[in-house]
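Student: Could you go through this structure with me? I'd like to start with the overall picture and then look at some details.

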Amino acid sequence: MTTSGLRTRSAAALGASATLAAFRVTGYRALWLSSAASGFGRAATQVAIGWLALAATDSILVVGATFAARLLPALALGIPLGGLVDRHDRRVTLIATNLALIIPLAWAAAVGATGTLGVTQLLVLSLALGVADTLQGTATQTYSFDLVGPAGATNAIALGNLGVFLAGAVGSIVSGVALERLGVASPFIVSAGMAVIAVLCLMIGGAHARRQRPADHLAVSFSRSMTLIVRNRRVALIALVVVMCEVLGFSSITVVPTFTRDVLDSDAAGLGALATARQLGAIAALLLLARAGLASSSGGRMLLLCTSLLGVGLIAFALSSSFALSFGLLVLVGAAMASLDTLGQTLLQRNVDDAERGSAMGIWFFSIGFGLLGLVGLSATATAIGAQAALAVDGALLALFAVGLSRVRAIHELV
């Protein structure tokens, strides 16, 4: 929690229902700008790594492996890193993480400039970026909650994710164009510059959001962090939804480079455009969430709706051979994905004690880490039966999961 003074200012700023309410809270603008800069860099590296892996190997499986490598740290380190975020100042953690991120990006740019950035190097880079993504994301969402408090959490998290997607839309296009025109090193140089900007934003405009000391029985410890998912049934249920959406839905990113080239007959710039389509859908959905907020009784139903939309959208995308139609369908997919992320991040923090919100976000990253199984599995299936058939199967399974989940009473009771 914040200090009483900051909490009072936050409550006043969020008193009126407005889409941009969180921006009136001290320190939030700096956090938003920092997150946007990080989102630009993350999207740029994702497009670059995916395209370079495909160009080097012509293998969907290898592309999936690079995406899986980036998720592996979330699975392996998500919960302990969440505990780490509970123990230390979130703003300082974000500054240190962004500074450390410059090292692998500078290395990738240097190796890329020599023309020796092969599959092994891309896998190592993906692992390093995955560690940064996990720590950065956990600290960002909990720091956002610290600044605005429970009443403004959905608004602040939605706006923060909106900034990431807005910047990511630009970053995706810039990365694709830069690869074509400026060479392999350029996306990584740009991403390193974004990390510097993120640090400057937090150092210049960030606010120190101190939290109340937890009660003795809630004292932060790694053992409590590691058992939260077992102790809290609501957390376990939300985590299950996140896992299934990652394995069957978000894993679709691994076949998008192949769809771009082989089904839609496009190039790296086309891949960047399709990545932008997902970002545009996310932007629209996050604006709606920021405006409407999340009623205490609607969280579970919203999870069900977005899970269903994601499954149906992926089935339709798998059957499309038109670039324009595929672009539109990815707008729908992006809206569902962004909504699921924001809902998961908000609901996890609303269903735990204040002292364990970092651990709850660590569980969110642990859950999305299971997406590496989906990435590898979809890549292997696509190699065996074709990308379109494999993606259609995943979409159908996800839609069926949503139907089954609707019969679980606890999902309708999430606060």
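Tutor: In this predicted model, the accessible surface of the protein chain comes to about 15500 Å², and carbon and sulfur atoms account for 68% of that area.

Student: And how much of the protein chain is buried?

Tutor: Of the 415 residues in the protein chain, 58% are buried.

Student: Let's switch to helix packing. How do α3 and α15 pack?

Tutor: Helix α3, which covers residues 60-87, packs with helix α15, residues 371-385, at an angle of about 170°, and their axes are 7 Å apart. Angles over 145 degrees count as roughly antiparallel, so that is how α3 and α15 run relative to each other.

Student: Which residues meet there?

Tutor: On the α3 side they include Ile60, Leu61, Gly64 and Phe67, and these belong to a set that meets residues of α15, among them Gly371, Leu372, Leu375 and Val376. The residues of this contact divide into 12 nonpolar and four polar, with no charged ones.

Student: New topic: Ser35. Where does it lie, and is it buried or exposed?

Tutor: Ser35 lies in helix α2, which spans residues 28-57. Ser35 counts as buried because its relative accessibility is 9%, and the cut-off for buried is under 20%.

Student: What is Ser35 in contact with, leaving aside its neighbours in sequence?

Tutor: Once neighbours within four places in sequence are set aside, Ser35 is in contact with Thr140 and Val164.

Definitions and conventions:
Residues numbered from 1 in each chain as written. Predicted model: local features only at pLDDT ≥ 70, side-chain atom pairs only at ≥ 80, totals over all residues. Heavy atoms only, no water. Helix = DSSP H or I, 4+ residues; strand = E, 2+ residues; numbered from the N terminus. Buried < 20%, exposed > 50% of the residue type's maximum accessible area, 1.4 Å probe, protein only. Contact = heavy atoms within 4.5 Å. Areas by Shrake-Rupley, 256 points an atom, 1.4 Å probe, with all protein chains shown as cover. Axes fitted to C-alpha atoms, helices over the stretch in contact; angles between N-to-C directions. Parallel < 35°, antiparallel > 145°, perpendicular 65-115°, else oblique. Nonpolar A, V, L, I, M, F, W, Y, C, P; charged D, E, K, R; others polar.
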